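Let's take a friendly walk through part of a protein model. Have the sequence and the 3D view ready.

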Amino acid sequence: MSDSKLPDRLQRQLIRRFSLLMLGLSFALVVGCVFVVRVQLQTTAAVLQVAASEKVGLLLDAEANRLSSLARDYGRWDETYRYVERPEPDFVYENFGSSYQGLDIDVTAILDADGRELFHSGWPPRARLPSGLRRQLAEQFSEAQRSPASEPRHYLVLFDGVPLLLTATAVTDTEAERPANGLLLMGRFFNQEYLSRLSGLAGGELRFAPADAVRPPVSWTLAQAVVPLSGDLDGRVLLLQTPVPLGWLPTALLLFAGSLLLCIAVSAWWMRRFLSERVVSRIGRFAELARLRKAGNLSAWPVDGNDEIDALAVAYNALGEEASEARQGLARLEVTDPLTGVGNRRALEQALDALCAAQPAKACLLLLNLDGFKLVNDSLGHGAGDQLLKEAAQRLYQVLEVPAALHRLGSDEFAVVLPTCTPMAARALALRLQAVLGGKFSFSGRQLSLSASAGVAAYQAGLSGADLLRHADLALASAKARGRGEVAAFEPTMHDSVSERIRLEQGLRAAIAAGAITPYFQPVVDAGTRRPYALELLARWQFEGRTVAPLTFIRLAEELGLIGQLTDALLARALPQFAALRARTPGLRLQFNLSALMLSDSGFADRLLALLLACGVPAEAVSAEVTETAAQQEQGDELLGRLVGAGIGLHLDDFGTGYSSMTRLSELPFDTVKLDRSFVVLLGEGNETLARAVHDMATGMGKALIAEGVETEAQCAALSRLGYCRMQGYLFARPMPADALERWLAEGVCRV
């Protein structure tokens with residue numbers, strides 16, 4: 001079907017749906033009308049029920065009051081009192097004869113004090129008062145004897161199958177001074193004749209019915225209510241039914257139906273005209289223009305007014321321009337790092353491919369990696385890390401000059417493409433960039449110093465962009481292997497170094513998983529007695545038949561994020577051995593090193609305490625050693641506080657080599673300060689100033705002291721003169737495994 005048929009199809013769909021809508025609306029209006037009428041009828045019925053019920057209640061109260069007045073007149077009478085004492089027929093004939101019948105009383109009876117019937121009239125043959133009523137009458141008589149002037153009482157009972165309203169009063173003398181000697185009963189049957197009379201007065205129909213047969217009013221024309229009565233009617237209730245006036249209903253329904261049909265007709269005519277002129281025809285015109293635009297005609301849609309379709313036309317006309325701008329924006333996003341705004345890896349690859357395709361005479365690629373950035377992310381959060389990266393990128397960008405281009409490869413690694421730069425100039429630029437990144441970074445009230453490692457690769461003929469990037473990566477890896485803040489230029493021999501690092505990484509992962517990191521112990525001795533005071537736990541690793549330097553594999557574990565696993569594995573092997581050594585040498589203590597990267601590990605304290613408990617080692621026998629630089633990180637306060645709170649000691653290691661704040665150190669819960677070995681070396685050269693300053697400061701703060709790296713007797717003597725009592729170094733013992741340490745302890749002497 002062609003596009004020209006679209007307006008007809010749309011018009012038919014709109015008319016069909018509008019018709020269905022109007023039918024649904026009409027049905028809803030009819031249902032609503034019926035509901036409103038129903039509610040109105042129920043409200044009217046409820047009002048009628050209340051009014052009629054109150055009217056019946058007033059009629060019954062009037063009847064009860066009439067019976068009470070008559071019973072009181074006949075009961076408080078000397079003649080009636082004498083009749084109860086001595087019954088005489090003349091009294092009955094004279095007082096309850098034809099004139100009495102005109103009082104409209106159905107039942108009359110006189111009972112003596114024992115409840116015997118002295119006289120009764122209007123009772124069916126062989127009828128007897130109900131037993132429940134007799135008990136109530138006996139109670140009333142007892143009360144009347146105590147109070148002859150008591151008021152009459154009313155009883156509603158079922159007597160011989162017919163409801164009976166009965167009034168009973170005490171028989172006393174006229175002045176009500178003598179005690180009652182009987183009861184006078186007067187009653188009125190609720191027979192059909194009496195109910196018909198009450199129905200005429202109440203404006204409805206009264207009848208007695210079983211209580212379980214009463215239902216809520218469901219008729220549109222009849223209101224039904226239960227008249228409240230109190231009495232023993234054997235489950236029967238007095239039901240009042242009144243007609244509901246409906247004279248207004250047909251007229252109201254007719255007017256409503258007519259108005260509804262008129263509204264539907266007018267709405268349908270107006271909607272058809274509106275859809276045809278303002279919607280369908282204009283959409284057909286727009287459909288034709290869209291078909292022409294698809295064929296290449298870029299004519300704009302005409303705007304006739306300011307309604308929604310005109311807004312659609314304006315939006316469609318602007319769609320082409322927006323799409324063009326969006327394509328340009330997407331193209332920029334494909335080559336831009338969203339965090340820093342510099343080029344991303346894709347842009348770098350494109351730039352390197354273009355550079356190598358031009359075969360320049362000189363060009364270099366410089367890679368920069370922030371040292372310790374993972375620690376910032378782990379300790380301060382990724383928000384702080386992102387802020388740090390943005391400021392670092394801004395500093396780098398401000399230093400670079402055209403044609404150098406800055407890119408971010410991912411995480412904390414940046415690349416600088418230098419199209420006209422020699423390797424020497426690239427190295428000098430790397431040093432400048434390192435200096436810029438070495439300045440203080442301030443954010444969230446914190447100040448942080450960073451260093452960066454750099455790798456430089458020079459372009460050579462025949463290299464591709466991927467080759468140049470790989471060479472720069474190798475140079476960067478070499479720089480990071482030398483330590484922090486280093487710069488390395490690519491050399492062909494670096495391929496072997498990378499292979500070696502990969503083997504070390506794989507071997508270290510396997511060794512940690514297998515628990516192959518061996519614990520070694522170096523004694524800390526009392527300088528006076530040369531007896532061991534504590535043991536420092538150290539890690540040793542044998543890989544492919546050779547011993548890997550501890551600094552190498554520990555730094556590698558930190559870079560790979562494995563330092564926590566390495567520490568756990570080392571403690572798991574060392575603590576059982578230490579427990580056996582401590583059993584032979586009571587009082588021996590253990591010191592272990594805690595990496596700065598582990599200070600944000602909140603679960604380490606729980607793991608350590610569980611391991612100590614399993615090995616039977618008291619927490620007081622263990623101390624953690626933290627370097628001075630790591631102690632400045634506030635994110636470790638929680639972990640250090642938990643360790644100290646559990647009884648574990650805390651040592652400040654390598655003191656004097658960092659840039660500590662005395663205020664910060666005084667706030668930390670350290671109990672021992674370890675003098676760095678570099679200060680001990682100065683003692684051998686005759687320089688005691690720094691060692692004495694550390695001693696005075698530590699003792700002034702109430703901290704114990706340990707000097708490490710003691711290798712000569714001269715150093716030991718100089719330290720002793722300054723007041724150092726505990727020492728550690730090759731002069732006393734080298735690090736050794738547990739079995740060798742056990743033999744060393746058994747000999748009881750220190751040896752080199």
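## A sheet, its helices and a kink

Strands β9 (residues 364–370) and β11 (residues 413–418) run antiparallel and are joined by six bridges. One of the residue pairs here is Leu366 with its bridge partner Val416 in β11. Strands count as paired if DSSP finds at least two bridges between them, and the names come from DSSP runs numbered from the N terminus: helices (H or I) need at least four residues, strands (E) at least two.

This is a predicted model, where local features need pLDDT of at least 70, side-chain atom pairs count only at pLDDT 80 or more, and totals for chains, interfaces and linings use all residues. Residues are numbered from 1 along each chain as its sequence is written, and side-chain values use heavy atoms, with hydrogens and water left out.

Zooming out, the open sheet has five strands in the order β10-β11-β9-β14-β15, with mixed pairing. β10 (405–410) and β15 (487–489) are at the edges with a single partner strand each, so one side of each has no neighbour in the sheet.

| Helix | Residues | Angle to β10 |
|---|---|---|
| α9 | 345–358 | about 130 degrees |
| α11 | 382–399 | about 155 degrees |

Elsewhere, α16 has a kink of about 30 degrees at Ala574, shortly before the proline Pro576. That bend is the angle between axes fitted to the seven residues ending there and the seven starting there.

Definitions and conventions:
Contact = heavy atoms within 4.5 Å. Axes fitted to C-alpha atoms, helices over the stretch in contact; angles between N-to-C directions.
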